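Please look through the sequence and the model below before reading on. The explanation is meant to be read beside them.

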Amino acid sequence: MSEETDLTLSVSIHIAAPPQQVWDIMTQRQADYWCPKPWTVEIIEQDMRPGGRSAMIMRGPDGEELPTEGVYLEIVPGSYFMTTDAFTAGWQPATPFMVGIWAIEPEGDGTRYTGSARHWAAEACEEHRQMGFEPGWTAVAQQLKALCEAA
């Protein structure tokens with residue numbers, strides 16, 4: 001895919017912790033790292049299987065609420081999980097914004113974490129960039145890193 005047509009935004013960070021530890025924290029402690037602080041997240045449901053519901057509400061310090069509803073597309077335990085908001089539970093079509101991919105792989109004595117968002121349209125990709133994708137997803141990666149390295 002050429003740069004002109006690549007509608008993926010991503011952040012990557014090295015975590016000084018073994019992949020299994022990172023995976024366990026990624027999948028079992030989402031509420032502890034998912035939003036850049038001072039935002040918080042309420043996990044409604046995370047049914048980690050293809051077609052399983054992924055639902056949460058992100059809350060900002062000024063009372064903002066961003067409900068997120070989608071489904072898991074694929075999960076490879078110990079490697080990555082992929083969700084989309086193009087569908088809700090039961091494969092009901094919804095207005096798509098992105099496909100999210102959260103991946104890890106062994107790197108040296110630790111783990112390489114990469115969070116990516118793929119968009120259907122250039123406008124959505126640019127909107128996500130303007131919403132603060134890079135600083136927001138980098139903050140989340142740093143929060144995950146801190147949790148993993150402290151465990």
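Predicted model: local features only at pLDDT ≥ 70, side-chain atom pairs only at ≥ 80, totals over all residues.

Residues are numbered from 1 along each chain as its sequence is written, and side-chain values use heavy atoms, with hydrogens and water left out.

The protein chain has 3 helices and 9 strands, where helices (H or I, at least four residues) and strands (E, at least two) are DSSP runs numbered from the N terminus. Their order from the N terminus is β-α-β-β-β-β-β-β-β-β-α-α. Of the 151 residues, 40% count as buried, meaning under 20% relative accessible area with a 1.4 Å probe, protein chains only.

Strand S8 (residues 98–107) runs antiparallel to strand S5 (residues 80–84), to which 5 bridges join it; strands pair here if DSSP finds at least two bridges between them. Within this pairing, Phe81 has Trp102 of S8 as its bridge partner. S8 is also joined by 10 bridges to strand S9 (residues 110–119), again antiparallel, and Gly100 is partnered there by Ala117 of S9. The hairpin of S8 and S9 has 2 residues between the strands, and Gly108 takes a positive phi near 60° in this hairpin.

Helix H1 (residues 19–28) has Val22, Trp23, Ile25, Met26 and Thr27 as its buried residues. Their cover includes S5, S8 and S9, together with strand S1 (8–15), strand S4 (65–76) and helix H3 (133–150), a contact being heavy atoms within 4.5 Å.

Note on methods: Buried < 20%, exposed > 50% of the residue type's maximum accessible area, 1.4 Å probe, protein only.
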